[in-house]
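Hi everyone, thanks for coming. Today I'd like to walk you through one protein model, step by step. Please have the picture open while I talk.

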Amino acid sequence: MAEYLNATDPVLGLPALLLLLLGLLCLLMAAVHIRKRRLLPFLTQGTAAALLLGGAVILLLLELNLHTYQRLTYEQPIAELAFSQVGPQRYELRINAAGGGSGNYRLNGDEWQLDARIMKWKAPATLAGLDARYRLERLSGRYRDINEQRERPQSVYGLTPEEVGLDLWALLGTLARYIDWVDAYYGSAAYLPMADGARYEVVLTQSGLIARPLNDEARRAVRDW
């Protein structure tokens with residue numbers, strides 16, 4: 001798991017800092033004008049300060065939310081899963097995941113499924129420093145038989161970190177028709193059979209999630225699937 005990356009690089013922070021500095025400068029000039037009772041220059045500088053500071057706050061909130069998504073610049077491992085069977089169609093899972101979600105989970109069924117959200121940008125946005133992003137969303141167990149899926153006990157766990165700042169996903173959904181930089185934002189999932197002692201690796205590519213067996217138990221389970 002040493003290849004895991006995290007989203008700690010500033011993407012919108014520098015523009016926000018620039019807007020903040022310009023806003024404070026305009027605010028200072030507005031204060032000078034009001035002391036000298038220059039109403040029109042005060043209103044002009046005050047309005048500019050409000051717009052610049054408001055823009056800085058919005059960019060900082062978007063930056064906070066963007067950091068709940070992990071960077072995706074090439075195929076990279078994002079999770080390892082290890083299974084041990086504890087009963088018929090019942091498995092104990094240990095998952096080691098980048099960006100949160102690591103821990104022990106009890107899954108019911110014959111297969112496991114991992115879901116993620118992915119955001120991809122067009123070339124101009126990529127050149128500006130916006131790499132594709134992902135965020136793990138959900139872990140669940142699946143039954144191979146559709147009737148069992150309807151009737152047997154389900155097991156679903158949320159892996160999404162707590163939201164901070166503005167919800168970038170919702171914002172993109174609202175403004176997609178106006179933002180030409182957005183290439184795609186979509187959900188992707190991978191699922192494979194569970195087996196006692198099986199270990200899997202989940203990697204993320206530019207086209208979505210891919211799961212691969214890591215040991216003989218997992219390879220046998222996939223072969224007999």
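I'll start with confidence, then go through the sheet, the core, a few single residues and the salt bridges.

So, what are we looking at? This is a predicted model. The chain has an average pLDDT of 81, and 72% of its residues score at least 70. Please be careful with residues 1–9, where pLDDT stays under 50. The model has 29 contacts beyond four places in sequence for that stretch.

Now find the sheet. In what order do its strands lie? Reading across, you get E4-E3-E2-E9-E10, an open sheet of five strands with antiparallel pairing. Strand E4, residues 103–108, and strand E10, residues 208–213, are at the edges; each has a single partner strand, so one side of each has no neighbour in the sheet. On average, neighbouring strands are turned by 30 degrees against each other, direction ignored. As a reminder, strands of a sheet pair through backbone hydrogen bonds, and they can do so in a parallel or an antiparallel way.

Let's zoom in on one pair. Strand E2 covers residues 76–87, strand E9 covers residues 199–205, and the two pair in the antiparallel sense over six bridges. One example is Ala 82, whose bridge partner in E9 is Arg 199. Helix H6, residues 216–223, packs on the sheet and touches E9 and E10. The direction of H6 makes about 75 degrees with that of E9.

Next, the inside. The largest nonpolar core has 31 residues, and those touching the most other members are Leu 81, Phe 83, Trp 112, Leu 114 and Val 202. Take Phe 83 from that group: leaving out residues up to four places away in sequence, its contacts include Tyr 91, Leu 107, Trp 112, Met 194 and Tyr 200.

Val 86 also deserves a look. This residue lies in strand E2, and its relative accessibility of 42% makes it partly exposed. Not counting residues up to four places away in sequence, Val 86 touches Tyr 91, Glu 92 and Arg 106. Val 86 and Asp 196 are 110 residues apart along the chain, yet their C-alpha atoms are separated by 8.5 Å.

Is Gln 89 buried or exposed? Gln 89 counts as buried, because its relative accessibility is 18% and the cut-off for buried is under 20%. You'll find Gln 89 in the loop between E2 and strand E3. Arg 37, by contrast, is exposed, at 79%, and sits in the loop between helix H1 and helix H2. Each has a positive phi although neither is a glycine: near 55 degrees for Gln 89 and near 60 degrees for Arg 37.

Finally, the charges. How many salt bridges does the structure hold? There are eight. Glu 80 pairs with Arg 199, with the closest N and O atoms 3.8 Å apart. That pair joins strand E2 to strand E9, across 119 residues. Arg 106 and Glu 92 form another, at 2.7 Å, which links strand E4 with strand E3. Glu 137 forms a salt bridge with Arg 135 at 3.2 Å, and both of these residues are buried.

Technical notes:
Residues numbered from 1 in each chain as written. Predicted model: local features only at pLDDT ≥ 70, side-chain atom pairs only at ≥ 80, totals over all residues. Heavy atoms only, no water. Core = buried A, V, L, I, M, F, W, Y, C linked by side-chain atoms within 4.5 Å. Buried < 20%, exposed > 50% of the residue type's maximum accessible area, 1.4 Å probe, protein only. Contact = heavy atoms within 4.5 Å. pLDDT = per-residue confidence, 0-100. Pairing = 2+ DSSP bridges. Helix = DSSP H or I, 4+ residues; strand = E, 2+ residues; numbered from the N terminus. Axes fitted to C-alpha atoms, helices over the stretch in contact; angles between N-to-C directions. Salt bridge = Lys/Arg side-chain N within 4 Å of Asp/Glu carboxyl O.
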